[in-house]
Amino acid sequence: MEQFAQQLLNGLFLGSIYALIALGYTMVYGVLRFINFAHGDVFMLGAFSGLYLNRWLGPMMAGLHWSISLTVIMLLSMAICAALGILIEFLAYRPLRNRPRLNVLITAIGVSLLIEYTGQHPAVFGATQQSFPALIPANNIALTSNLAVTNTQMIVFVTVIMLLVALRYIVMKTRMGLAMRALSLNPTASALMGVNNSVVISFTFGLGSALAAAGGILYASLYPSVEPFMGIIPGLKAFIAAVLGGIGNIPGAALGGLIIGVTETLVGGYSSVVGLPTGYKDGVAFVILILILLFKPSGLLGKTEREKV
Amino acid sequence: MLEVSNLEVSYGSIRALHGVSLKVPEKSIVTLIGANGAGKSSTLRALSGLIKARAGTVVYGGEEITNLAPHKIVARGLCQVPEGRMIFPNLTIDENLRMGAFLRRDAKAIAADMDYAFTIFPRLLERRKQLAGTMSGGEQQMLAIARALLSKPKFLMLDEPSLGIAPLLVKSIFEKIVEINRTTGLTILLVEQNANLALEVSNYAYVLETGKVILEGPSVEVKANPQVQAAYLGI
């Protein structure tokens, strides 16, 4: 029983990171109706920003409490990736704004490959794995005699919750959030209300990329090694999480992330019972994708969209 | 107040407007009538900057606004209630109205204008917290008009406000439009297929056919024109 609870907790922590990344997919889909396949690479760039910022700023912040240096590194990485996300949209997607959506989708895959292979160049990040510094001191918190969470896991969870609350505030209570929701419902009408749609789209890319950067640092804190391709699999799983929750639906993305994280961890923990290697856990998300596309393509919380004739 | 000269619009190789010219004087209601596909909506879409004009000019208050971005045109006080209403179905009535006031920062004046909108359309007040998509077509049209009023426009364009709405409600919505014009002096450009109604409430009318103005004049005269009576009024 306690082993099960432990697996459940581990899954929850991993899932909360998937949720952060999934939000970026779902928000961009909301405003532009396409899947930004380069989003997983922004997640990777976030982890690398954390790595380098720590290398450069770490000595300067040596005397400070780790929570302060973590916050500084996290916020700076989020700002850097927000700027990169806005730049990617401006250079790659904006020129295709009124073209068929397939063109944009293919461009997104191109942008993704470009970032990954540029990252492999020795002058950029290099192809070898680098170990990610322990921004959060390792420490086990025992809940019961056999149930424990690490310090890192707790910080991951608390950070994700704080970011989700902040996001909800932005989307539901601010003028920009209202414009985002209006734009995703009807871009023509939002333009007729005086909304500069391009600004809102840039904002959405910035917001999603900032969340991906936070996800990158948190993920690298849980699994402390980084390399230019590290964004592919978490990115795909987060994309599936967004589809599972109902693409375009913000609470759905968070829910989908948690479900994928928990299912994956449980399968990893118990696959040996039915004689499967633990490596199968990486396939779970894709099985879920196939099932959801077969039985409920609009996702768990998504509404079926009626096509206008 | 608004002067359009030789406006041309095309969708790909299909020409929708072949040089439309019209004038809308301040505080008047001017109507644009014509059959389906005559170019009425294309004219409004070009005025709002939603489609690019290939040729021609739009001058508003002495300044040229041809082909400005839609949000810049709204900022100058020209607002459109688009065909099919285009309310935001998953936002509440309140949020829809707040979207109307998107470019304004004066919270007090916005609240006052919301109250004004609610006195004209009391139905909206009852449903403030409800999602807009749950209302009937007529109520959605009221919301679309109220939302546009919240931008505090100086010039309001209405595209087929009667489309798909119960006849009884149509009458009441048109009465409201006239009331808004009388009490606030708001200039209105009205596009309608229901020519009878449009000619009744307007001061001046243009008749559009295949992208050209074929007839214009004070609404009373246009209404008495035998050609118009035969083609559009079913007399």
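Two strands are taken to pair if DSSP finds at least two bridges between them. Helices (H or I, at least four residues) and strands (E, at least two) are DSSP runs, numbered from the N terminus. The model is predicted: local features need pLDDT of at least 70, side-chain atom pairs count only at pLDDT 80 or more, and totals for chains, interfaces and linings use all residues. Residues are numbered from 1 along each chain as its sequence is written, while chains are lettered from A and ligands numbered from 1 in the order in which they are written.

**Exercise 1. Determine the strand order and the pairing of the antiparallel open sheet of chain B.**

Step 1. Begin with strand β1 (residues 2-11) of chain B, which is joined to strand β2 (residues 14-24) of chain B by 8 bridges in the antiparallel sense. B:L2 has B:V24 as its bridge partner in β2(B). The hairpin of these strands, β1(B) and β2(B), has 2 residues between the strands, and B:G12 takes a positive phi near 60° there.

Step 2. Consider the pairing of β1(B) with strand β4 (residues 55-60) of chain B: the two run antiparallel and are joined by 5 bridges. Among the residue pairs, B:E3 stands opposite B:V59, B:S5 has the bridge partner B:T57, and B:E8 has the bridge partner B:A55.

Step 3. Proceed from β4(B) to strand β5 (residues 63-64) of chain B, an antiparallel pairing with 2 bridges. Here B:V59 is partnered by B:E64 in β5(B).

The 4 strands form an open sheet in the order β2-β1-β4-β5 (chain B), with antiparallel pairing. β2 and β5 of chain B are the edge strands, each pairing on one side only.

**Exercise 2. Describe the mixed open sheet of chain B and the helix that lies across it.**

Step 1. The strand order is β6-β7-β8-β3-β9-β10 (chain B), giving 6 strands in an open sheet with mixed pairing. At the edges stand β6 (78-81) and β10 (212-218) of chain B, each of which pairs on one side only. Axes are lines fitted to C-alpha atoms, for helices over the stretch in contact, and angles run from 0 to 180 degrees between N-to-C directions. Neighbouring strands of this sheet are turned by 15° against each other on average, direction ignored.

Step 2. Examine one pairing within the sheet: strand β3 (residues 29-34) of chain B and strand β8 (residues 187-192) of chain B are parallel, with 5 bridges. B:I29 stands opposite B:I188 of β8(B).

Step 3. Contact between two residues requires their C-beta atoms, placed from the backbone, to lie within 7 Å. Helix α1 (residues 40-47) of chain B lies across β3, β6, β7 (155-159), β8 and β9 (204-209) of chain B, and runs at about 145° to β7(B).

**Exercise 3. Classify the packing of α3(A) against α8(A).**

Step 1. Helix α3 (residues 66-93) of chain A packs on helix α8 (residues 197-222) of chain A at an angle of about 135°, the axes being 7 Å apart.

Step 2. Angles under 35 degrees count as roughly parallel, over 145 as roughly antiparallel, 65 to 115 as roughly perpendicular and the rest as oblique; α3(A) is therefore oblique to α8(A).

Step 3. The contributors to the contact include A:M74 and A:E89 of α3(A), and A:I201 and A:I217 of α8(A). By class, the contact residues divide into 13 nonpolar, 6 polar and 1 charged. Ala, Val, Leu, Ile, Met, Phe, Trp, Tyr, Cys and Pro count as nonpolar, Asp, Glu, Lys and Arg as charged, and the others, Gly among them, as polar.

**Exercise 4. Characterise the contact of domain 1 with domain 2 in chain B, and that of chain B with chain A.**

Step 1. The domain assignment, whose bounds come from an automatic or database source, gives domain 1 (2-77 + 154-233) and domain 2 (88-152) of chain B. Their C-alpha centres lie 23 Å apart.

Step 2. In this contact, 12 residues of domain 1 of chain B meet 8 residues of domain 2 of chain B. On the domain 1 side, α7(B) provides the largest share, 5 residues. That side comprises 9 nonpolar, 1 polar and 2 charged residues.

Step 3. Between the chains, the contact takes 20 residues from chain B and 14 residues from chain A. On the chain B side, α2 (70-75) and α3 (93-100) of chain B are the elements that give two or more residues. The class division of that side is 12 nonpolar, 6 polar and 2 charged residues.
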